[in-house]
Amino acid sequence: MFPLKILIVEDDHVSALLLKKALEKNNHQIIAISETGEYALDILETNQADIVMMDINLAGELDGIRTTEIINDKYDIPVVYLSASSDAETLNKVVGTNPSAYVIKPFNIRELNMVIELAIFKDRKEKELQKLNNELEEKVRQRTKDLAEANKELTRALEKEREIGELKSRIVLNVSHGFKTPLTSILSSAQLLQKYAEKDHPFKAKIAKHADKIENSVRNLNSLLTSVLFFGKADANKIDYKPQKMFLAAMLNEVVDVVKAGAEQDVKLITSFNKLPKTITSDPDLLYQIFENLLSNAIKYSKEGKTVEFTVWQDEEFLKAEVKDQGIGIPESEHSQLFDRFFRAKNVGIIEGSGLGLSIVKKCVEVLNGDITFISKANQGTTFIVTLPLKR
């Protein structure tokens, strides 16, 4: 064991000298012998000690226990208690001071050396552990500081994103509304041209043809702007659920009539509305958007002479609808993107479309707390199943 600087605090002069002699045999340096706690503290003010051998019962006002408490607070030096008593009361007193060891008098040299070695080892490990704890606490403080800073940056970024989103929504709404007025004027002019073309004119056929093209183009553009406006409101969380009592079959038939009137292909639309409630309370605009988009798509992506089936029924507390076509279908590799905005499958070819219809359907279904699923394979058609709660 390496030599240590030791302070002996013992009021029995004979015991102190015997202890000093025993320690010096192991090459330890005795820096002083103190009979009182007060003097021991004075010695430590000017001298460095590696360990203190402390008698519990001392002359003076400070006993060994109180002196040890002061040493723990001021110097953090390991203390080994020396006592002729090992009763429970004494042991309970010394436990609170966290002593490095406890030696019962009389002691033998071998036991004494072992106790000192264990005390030094214990003190070293405790200090290493304290150092590690301090380093860990510092790392935690630094990480906490870094995390707080990162949270601030994230909050700033989210706020900036929110501002940009609001600006984008305002721009989309303002621009879309701005287009509505001139489009209405163009549509009116095209309809007037068609009226004039009804009269005798050498270019009657051409006027009618081009007026019809203008009208169709304006209607398509107007439909696109309506879709953009819808998502402008969606992004701004302004799509409200506005329930009202409606005659369900009448609403469904109205959708079917509108879709048939706008169909460009000769596709047969078969309907089946069985066991439906006469009236329901829901948002008619959202329901119209769902069914009109699904039916329009089904017809648009079907070939001439094919069939589209539109079935609606009540299933306990739910309204269920199925739109089944025999069209081009959707490649399985693109199923996950089907409801994304502006997405159009690779197999649509020259068929016109904005890629917004199914996104609108999905959003409307969500607002109604419903669910939409589909089954589709390329060249084998597509079936959409919509489930909506009758009570919301």
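Me: How do helix 2 and helix 3 lie to each other, roughly parallel or roughly antiparallel?
Reply: In this predicted model, the axes of helix 2 (residues 37-46) and helix 3 (residues 64-74) come within 10 Å and cross at roughly 20°. Axes are lines fitted to C-alpha atoms, for helices over the stretch in contact, with angles from 0 to 180 degrees between N-to-C directions. Angles under 35 degrees count as roughly parallel, over 145 as roughly antiparallel, 65 to 115 as roughly perpendicular and the rest as oblique. Helix 2 and helix 3 are therefore roughly parallel.

Me: What do the numbering and the confidence limits rest on?
Reply: Residues are numbered from 1 along each chain as its sequence is written, and side-chain values use heavy atoms, without hydrogens and water. Local features need pLDDT of at least 70, totals for chains, interfaces and linings use all residues, and side-chain atom pairs count only at pLDDT 80 or more.

Me: Which residues of helix 3 meet helix 2?
Reply: Helices (H or I, at least four residues) and strands (E, at least two) are DSSP runs, numbered from the N terminus. Contact means heavy atoms within 4.5 Å. From helix 2, Gly-37, Leu-41, Leu-44 and Glu-45 take part, and they meet Thr-67, Ile-70, Ile-71 and Lys-74.

Me: Is Leu-44 buried or exposed?
Reply: Leu-44 is found in helix 2 and, beyond four places in sequence, touches Leu-7, Ala-49, Ile-71, Tyr-75 and Ile-77. Buried means under 20% relative accessible area, exposed over 50%, partly exposed in between (1.4 Å probe, protein chains only). At a relative accessible area of 5%, Leu-44 is therefore buried.

Me: With which side chain does the side chain of Thr-382 make a polar contact?
Reply: Thr-382 is in strand 12 (residues 382-389), and its relative accessibility of 5% makes it buried. A polar contact is a pair of N or O atoms within 3.5 Å; within protein, one must be able to donate a hydrogen and the other to accept it, and residues adjacent in sequence count only if both atoms are side-chain atoms. At 2.7 Å, the partner of Thr-382 is Ser-376.

Me: What is the phi of Lys-275?
Reply: Lys-275 is in the loop between strand 7 (268-274) and strand 8 (279-282), and at 76% relative accessibility Lys-275 counts as exposed. Most residues other than glycine have a negative phi. Lys-275 has a positive value, near 55°.
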